[in-house]
Structure formats: C-alpha cells, structure tokens
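Biologist: Hey, can you walk me through this one? I'm new to reading models.
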Amino acid sequence: MALALKLLKQLRGPSTTTSTILYRNLRPRFSNLRSTIRLFSDAPLSEPLTIPPHQKPHSPSPSSLNQYELAKFVAIAETWWDSEGPFKPLHQLNPTRLAFIRSTLCRHFGRDPLSPRPFEGLKFVDVGCGGGIVSEPLARLGATVTGVDAVEKNIKIARLHADLDPLTSTIEYCCTTAEKLVEEQKNFDAVFALEVIEHVADPAEFCKSLAALTVPGGATVISTINRSMRAYATAIVAAEHLLHWLPKGTHQWSSFLTPEELALILERASISVQEMAGFVYNPLTGRWSLSDDVNVNFIAYATKIKTAN
C-alpha cells in the first residue's frame, strides 16, 4: 500500500503555483520542425529525437490495425459506459480533454468558446471512438460527428447509447478504419485520435491517414502517453498492477511516444503541432487538470499545413 501511495503521488507530477496555462516557444528544441510549438513542459531534452521500432505481434497488414491490441478492447467493449468499470480513468479524464479541445478549436476556427454549440457547421471524425465517450460531447457542442472504430462491439454500444439522446442520435458510427476512410476520400474539419496511437501497429502510417482525412488548414488532436519512466511507473505499474484501474496488459511501454517523437511523426505527415498540454491526476480529488507537465499523459493540437496550388 505504501508503494501504491508513493506512485499515486508521482501521478500528480511537480506542483504548480498557478492555474494559469503556461506556454513557451520551443523552436530551439524542435530545430528540425517548421512550426513554433506552444508546449507546457520546460524540461530539457534528455533523449535523442529518434522514433522507436514497434514490435508487432501479428503479420504485417496494409492498415495500422494491431490485432493483438484490438482483442483487448473486444473483451471489455460492453463496459464503455460503466463509469466505475475498466474505462473509469477515461471517464475521469474526459472533462479535461474536452476543455483543451474546446479552447484550442474555438481559437482555431474563430468560434465563441462561451457559445453552447460553438462547433455548429463543422465536420469532426473521432478515430478509435470506442463507445462514443468523446463523440457524444462533440455532437452536443454542435459538430457533425462521425465516429469510427475497428471493433464492431464498440460501434454497437456507441449507437445504442447515442440513440438515447436526440442531440447525439445524429452521430454517424461506422465499423471501419482511418485508412478505409481515406480510400473513400472522406475529409473533415477536425480529426481526433484520443488514447489511440499507442495501440496501433504503425504510428507513422496512422498519422499519414489522419493527415489525409484533415482538410488543408484543418485541425488534428491527438492524446497519448509519454514513453518516460514516470509513465511506466504510473500508467502501467500503478494503474494496471497495483490499483487495478485498468486490465493488466492494457498498455505496452515500448509503444508509447514522447512528445518530440509525436511532433516529428506529424510533421512528416504535413501536420504542424501548435500546442501541447499535460494531464495531471490528483489522487486526493480524483480529478485531472491541464498542466505544464507532459511526462505522463499529454495532448497535442496541430494543424494541417496548407500547400500552394
């Protein structure tokens, strides 16, 4: 128990003295990237900017699907809307993810963040939507939402739940992949992949698909877990093995990406990261908050680079 409490404290990260969001121009840290990234972390780079190879437990596929990872989510698909079940951490994290999304995208699209439906008239796609816990609030904020997931059980659960509310019954749920949407020449004003990229077989190819789905000048939002020792201690050892917040084996540390690696992968796909934030959990309140600490959970807002005609 003492070890669990110690690891819980690690989840909080370094304390902050203000609730004001801090930004920093990190062009020197990303000298090989074109964009100026507004990043919360002030910590210096301790690792070279290299992208790790990802071990694939199945034969190569033309898509970024990882069948081993899909099987994990098939097993717990029926619990998506159980706020005390395996997806409890995501339910707790959701308000903070949505606060970041609302702030950055209202700024991006020139919308009023105080409006009850600021995303009216915009087309969004939620890639790896699961049971729809992000798709539904985006629809309530006015967006025309498409939710896609490769697990058919997830899509069935998402449809059933969305139909309970007229504001969310308009969501178009499809059992498909980002790659297939690209083949169908689909385009969206904003593309979301939240807590997904750490479960795909090929992050670089996956990001190329996200880029292809984003209209020029559109927005892409990705959240994931940093490949840091603190992330291993908290997201795997504590969350899966000690506190049992998640089923054991939910995450593989080697599949995580550092913020620098994610920015580089996106840059190669013509997606320019504009802003990053960390998510920090407070075990005393059971709540998450935005932070300048990107050492464990973090989220990135990026824009698709417009090319000259």
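Biologist: Okay, what pLDDT does the protein average?
Modeller: The average is 81, and 75% of the residues score at least 70. Over residues 1–12, though, the pLDDT is below 50. That stretch has 24 contacts beyond near neighbours in sequence, where contact means heavy atoms within 4.5 Å. Residues 40–62 are also below 50, with 42 such contacts in the model. Where pLDDT is low, the predicted coordinates should not be read in detail.

Biologist: Got it. How many strands form the open sheet?
Modeller: There are 8, in the order β3-β2-β1-β4-β5-β8-β6-β7, with mixed pairing. Strands (E, at least two residues) and helices (H or I, at least four) are DSSP runs, numbered from the N terminus. Two strands pair if DSSP finds at least two bridges between them.

Biologist: And which strands are at the edges?
Modeller: β3 (172–175) and β7 (287–291), each pairing on one side only.

Biologist: In what sense do β1 and β2 pair?
Modeller: Parallel, over 5 bridges, with β1 at residues 123–127 and β2 at residues 144–149. K123, for instance, has T144 in β2 as its bridge partner.

Biologist: Which strands does helix α9 touch?
Modeller: Helix α9 (residues 259–268) packs on the sheet and touches β5, β6 and β8. Its direction makes about 150° with that of β6; axes are lines fitted to C-alpha atoms, for helices over the stretch in contact, and angles run from 0 to 180 degrees between N-to-C directions.

Biologist: New topic: which residues have the "binding site" annotation?
Modeller: The unreviewed UniProt entry puts it on E195, E198 and H199. UniProt positions are given in the numbering used here, feature names are shortened, and annotations may be inferred rather than shown by experiment.

Biologist: Where is E198 found?
Modeller: In the loop between β4 and α7, and H199 lies in the loop between β4 and α7 as well.

Biologist: Why does E198 count as buried?
Modeller: Because its relative accessibility is 3%. Buried means under 20% relative accessible area, exposed over 50%, partly exposed in between (1.4 Å probe, protein chains only). H199 counts as buried too, at 10%.

Note on methods
Residues numbered from 1 in each chain as written. Predicted model: local features only at pLDDT ≥ 70, side-chain atom pairs only at ≥ 80, totals over all residues. Heavy atoms only, no water. pLDDT = per-residue confidence, 0-100.
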